[in-house]
Structures are given as C-alpha cells and as structure tokens.
Amino acid sequence: MSVNPELVGRSFPPTAPYLVGREKVREFARAVFADAPQHLDPAAAQALGYADVVAPPTFAMVIQDLTLQQLLAEEDSGIVLERTVHAEQRFRYTRPIVAGDELTAQLSITNVRPFGQGAMVTSEAEITDAAGSHVVTATSVLLIGGEVA
C-alpha cells in the first residue's frame, strides 16, 4: 500500500473563511439542476425563512474541496492524484448553507483501509460558520490506486 497509514488521526489547520456568494449558489444550483426557487430567488428563500438563497446540499463540497487540497499537498501522504477516484460522499447537516455565510472547514483523516494494491482514505471536514457553529460535516472516501508494476 503506497498510502501512508499514519494519516489516520491527522488533522489539518482550518481553511481560510469562504464567503458564500449568491451568484456562486445560483451557478452551482444550475450546474446540478437544482431548480427549486429557494436556490435561485432571494424572495423565495426569504418566504421560507432564510436570509438569502439556499445552497443545494452538495454545495458543501465546494468548501470541503479546500480541505482535500491540503491533504493532496501532504508530501508524506502517498496519495497520487492521477490514481485517485472520489468514491463516496456524505453530508450531515445542522442547517442549510445560505448566501452570506462565511464558512471555515477543518479536515481530519478517520481511516486508511488497504484495498488491493491501493487504499481507501476516509476524511471528515467539519464546516462551521463565522460564529463557530456547526453547519455540516462532509465525509469523503477517496480510492487511491496502487502503483503499477
């Protein structure tokens, strides 16, 4: 297995704050065919009790990606991007992401499991708002292929 098993338990520094913009939410919603009015129209979102447009649930991946970049940059990880497939994704929300949120994420590696010549790396990104309140936990599994002989 080329992936460093000592990654388990490693935590990374919090990301810089990410300001969720209304147009970014709209662009993402269009890209994933989330056409519910609350994703596109501030008035529709406000009618549901939100301050601004509500991001589709998978928008959290935008913030989680900042944490995964930290992992991929680790020289001792043994993770080679060219042999990496994003195998699984889960989200556990406390509340929806809304335009205007300022979000920070912190990644922890929770498991490295050998898989054939490679490994499956499970990570959790805890995403919080500017007040430090939990918004969503994004769990990701990366399948890392082994070296070809």
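This is a predicted model: local features need pLDDT of at least 70, side-chain atom pairs count only at pLDDT 80 or more; totals for chains, interfaces and linings use all residues.
**View 1. The turn of the β4–β5 hairpin.** Follow the chain out of β4 and you meet five residues between the strands of this hairpin. Look here for G132, which takes a positive phi near 85°.

**View 2. β5 and its other neighbour, β2.** Here β5 is shown with β2: the two strands run antiparallel, with nine bridges between them. For a landmark, find Y93, which stands opposite V136 of β5. How many of the 11 residues of β5 are buried? Nine are, so the strand is largely enclosed by the rest of the structure.

View 3. Five strands make up an open sheet, and reading across it gives the order β1-β3-β4-β5-β2, with antiparallel pairing. Which strands lie at the edges? They are β1, covering 18–19, and β2, covering 84–93, each of which pairs on one side only. As a friendly reminder, strands of a sheet pair through backbone hydrogen bonds, in either a parallel or an antiparallel way.

View 4. L103 sits in strand β3, which spans residues 102–115. Is L103 buried or exposed? Its relative accessibility is 0%, so L103 counts as buried. Leaving aside residues up to four places away in sequence, the contacts of L103 include A16, P17, Y18 and V20. Also touching L103 are I63 and I97, together with I127, T128, D129 and V135. For a sense of distance, compare V25: 78 residues separate V25 from L103 along the chain, and their C-alpha atoms are 14 Å apart.

**View 5. F33 in the loop between α1 and α2.** Our last stop is the loop that links α1 (22–31) to α2 (37–40), where F33 is found. Its backbone deserves a look: F33 is not a glycine, yet it has a positive phi of about 60°. Why does F33 count as exposed? The relative accessible area of F33 is 74%, and exposed means over 50%.

Methods:
Residues are numbered from 1 along each chain as its sequence is written. Side-chain values use heavy atoms; hydrogens and water are left out. Two strands pair if DSSP finds at least two bridges between them. Helices (H or I, at least four residues) and strands (E, at least two) are DSSP runs, numbered from the N terminus. Buried means under 20% relative accessible area, exposed over 50%, partly exposed in between (1.4 Å probe, protein chains only). Contact means heavy atoms within 4.5 Å.
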